[in-house]
Amino acid sequence: MAHSIFETGSPVDIAMVLANRDRRVAVQQRILEQTPDETLIVTKLNVPGPIKNNAALQQLFTVGVSRFRSVLAQANLAVTQITEWHELTGNELFWRSSATSAAVKRAAVTFEDTDVLGRIFDVDILTGNPAKAISRTALGFPVRRCFVCQRPAKECARSRRHSVAELTDCISKLATNGGEVRDK
């Protein structure tokens, strides 16, 4: 079996994950209240299981963010970083752009669907006050596919079709093959 990037790190529990989600929602709402005419971009990793952050995952996040930034630049979409955090519950980056939410979502889908690391990322695009998420399907894109079996990702997540070990093994392989993640 390939080396797992999930071998180190402090495990988190569901209460910590839910508290982080509440914190994210509050930050998103505050940003959108302050800049309701701008597009908010929230970038994080899709990481199953109790290990949400460690040196390898943080490096993976940094490399992926750099690649996503390149996709945005190629699409001539200017962004401004607002804040980021690197917590036990994961790495997250908040950006804003004066570009339309549809243009930014198209770039996000390009990154998520074409970059090997993009498949591990979750790039949410929000706009307005109250916040409204821009979905792939609203722009005519197909739903995200599971990186293990290619079925619709939400279907696999809802049914827990794949074990945490299977998912983290797949992520480790994607990361080490395309993310230049090295042991520290």
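Trainee: Leaving aside neighbours within four places in sequence, which residues is Asp-115 in contact with?
Mentor: This is a predicted model. Asp-115 sits in the loop between α3 (101-114) and β4 (121-127). Once its neighbours within four places in sequence are left aside, the residues in contact with Asp-115 are Arg-67 and Thr-110.

Trainee: Is Asp-115 buried or exposed?
Mentor: Buried means under 20% relative accessible area. The relative accessible area of Asp-115 is 16%, so Asp-115 is buried.

Trainee: What do the buried residues of α3 pack against?
Mentor: The buried residues of α3 include Val-104, Ala-108 and Phe-111. For the buried residues of α3, the packing partners are β1 (39-45), α2 (55-74), β3 (90-97) and β4.

Trainee: How far apart are the end C-alpha atoms of α1?
Mentor: Helix α1 covers residues 14-34, which makes 21 residues. At 1.5 Å a residue the helix should span 30 Å, and the model agrees: the end C-alpha atoms are apart by 30 Å.

Trainee: Within what arc do the buried residues of α1 fall, seen down its axis?
Mentor: Among the buried residues of α1 are Arg-24, Val-27, Gln-28 and Ile-31. An α-helix has 3.6 residues a turn, so residues three or four places apart point the same way. The buried residues of α1 line one face of the helix, because they fall within an arc of 125°.

Trainee: Which residue caps the N-terminal end of α1?
Mentor: The cap involves the backbone nitrogen of Ala-15. A side-chain oxygen lies 3.2 Å from that nitrogen, and the residue that caps the helix is Asp-13.

Methods: Residues are numbered from 1 along each chain as its sequence is written. This is a predicted model: local features need pLDDT of at least 70, side-chain atom pairs count only at pLDDT 80 or more; totals for chains, interfaces and linings use all residues. Side-chain values use heavy atoms; hydrogens and water are left out. Helices (H or I, at least four residues) and strands (E, at least two) are DSSP runs, numbered from the N terminus. Buried means under 20% relative accessible area, exposed over 50%, partly exposed in between (1.4 Å probe, protein chains only). Contact means heavy atoms within 4.5 Å. The expected span of a helix is 1.5 Å times one less than its number of residues. The arc is that of the directions from the helix axis to the C-beta atoms. A polar contact is a pair of N or O atoms within 3.5 Å; within protein, one must be able to donate a hydrogen and the other to accept it, and residues adjacent in sequence count only if both atoms are side-chain atoms.
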